[in-house]
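Please find below a colleague's note on one structure. Sequence and coordinates come ahead of the comments.

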Amino acid sequence: MKNIKLTIQYDGTRYQGWQKPGKKGNSNTISGKLTEVISRITDEETTLFAGAKTDTNVHADAQIVNFKTKTTLSALKLKQELNHYLPQDIAIISAEEVSERFHASLNTQTITYLYRVSCAPVADVFTRKYKYHLPDTLDLNAMQHASEQLLGRHDFKHFSSGKTKKSTEKDLLSIEIFNGFHIPKDLLLKCEQPSDADFLFLLKGNDFLHQMPLYLTETLLEIGLGNRNTSSIPLIFSGEDTVSKRCPSHGLFLHEITY
């Protein structure tokens, strides 16, 4: 059996997230489309393992996936065949044969999410599917100061939705907030130019709970708008204060996974 590792880029706009649902569910998911095409190419039933399971409308710069196969096709040929048959909003950036011990879901060291916000008076029609339009003024210094209180190991259960059997204690390693012309060029969308109206949040952790990046970003935005005080963050951790609503998911990108 070969163990194939894929690096995948996708536009999540028209999909119901990464996870393939039950047999009676809607198969309009990233994993559903990918599984269907891999099975067609290899003539095998395929089980995918992903580094992170993105939600509806969430995009990915570099999702990591692995699967086992008996196919005689090389990794390069698999990449070519997959890109030929997959929809144009899903692309295989790289494919390689890796050690049988590699498991995309279990071996992660860090996961990085990116969230885009536009504070322009009018939403740009060409980037509106990838940015949260918030036509207001944000206090960058206040958000950066608040982000420092989120770093480190904490119980983030109040910054997530849904129940989990896993530990809710996570290590949030860094939060970088960029504005306008300070946004690194390699983090800009291909079709955009730097603008003082744009903000970019880069969150790196050892793992994230369900929708945790969206709740963290919205909390920082509420502080940036002056609607919430920095002192509320420890109160949210303790359960004495309620977390902000979560950001719209279309501004979120799974940016990088390391192993």
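1. The model is predicted, and local features are discussed only where pLDDT is at least 70. Residues are numbered from 1 along each chain as its sequence is written.

2. Helix 2 spans residues 75-85, and its buried residues are Ala75, Leu78 and Leu82. These three lie on the same side of helix 2, because they cover an arc of only 55° around the axis. An α-helix has 3.6 residues a turn, so residues three or four places apart point the same way. The face turned away from the buried side of helix 2 carries Leu76 and His84, both exposed. Exposed here means over 50% relative accessible area, a cut-off that Leu76 passes despite being a leucine.

3. What do the buried residues of helix 2 pack against? Their partners are strand 1 (2-10), helix 1 (30-42), strand 3 (59-69) and strand 4 (90-98).

4. Of its 11 residues, 9 are buried, so strand 3 is mostly covered, with buried meaning under 20% relative accessible area. Strand 3 runs antiparallel to strand 1, with 8 bridges joining the two; Thr7 has Ile64 of strand 3 as its bridge partner. Strand 2 (residues 49-50) is also antiparallel to strand 3, through 2 bridges, and Ala50 stands opposite Val65. Strand 10 (residues 252-258) runs parallel to strand 3, again with 2 bridges; there, Ala60 is partnered by Leu254 of strand 10.

5. The largest nonpolar core holds 65 residues, and the members touching the most others are Leu6, Leu34 and Phe201. Helix 4 (residues 212-225) supplies the largest share of this core, 7 residues. Beyond its neighbours within four places in sequence, Leu34 is in contact with Leu6, Ile8, Trp18, Leu48, Leu82, Leu86 and Ile92. Leu82 is one of the buried residues of helix 2. In soluble globular proteins, nonpolar side chains tend to be buried together.

6. The volume of the largest pocket is about 830 Å³. Its lining comprises 32 residues, of which Lys53, Asp207, Phe208, Leu209 and His210 are the closest to the pocket centre. Strand 5 (110-118) and helix 4 are the elements that give two or more residues to this lining.

How values were computed. Predicted model: local features only at pLDDT ≥ 70, side-chain atom pairs only at ≥ 80, totals over all residues. Heavy atoms only, no water. Buried < 20%, exposed > 50% of the residue type's maximum accessible area, 1.4 Å probe, protein only. Helix = DSSP H or I, 4+ residues; strand = E, 2+ residues; numbered from the N terminus. Arc of directions from axis to C-beta. Contact = heavy atoms within 4.5 Å. Pairing = 2+ DSSP bridges. Core = buried A, V, L, I, M, F, W, Y, C linked by side-chain atoms within 4.5 Å. 1 Å grid on protein atoms, 1.4 Å probe; cavity = no way out; pocket = protein on both sides within 12 Å on 5 of 7 lines; lining within 4 Å. Points joined across faces, edges and corners; volume = space filled by probe spheres on them.
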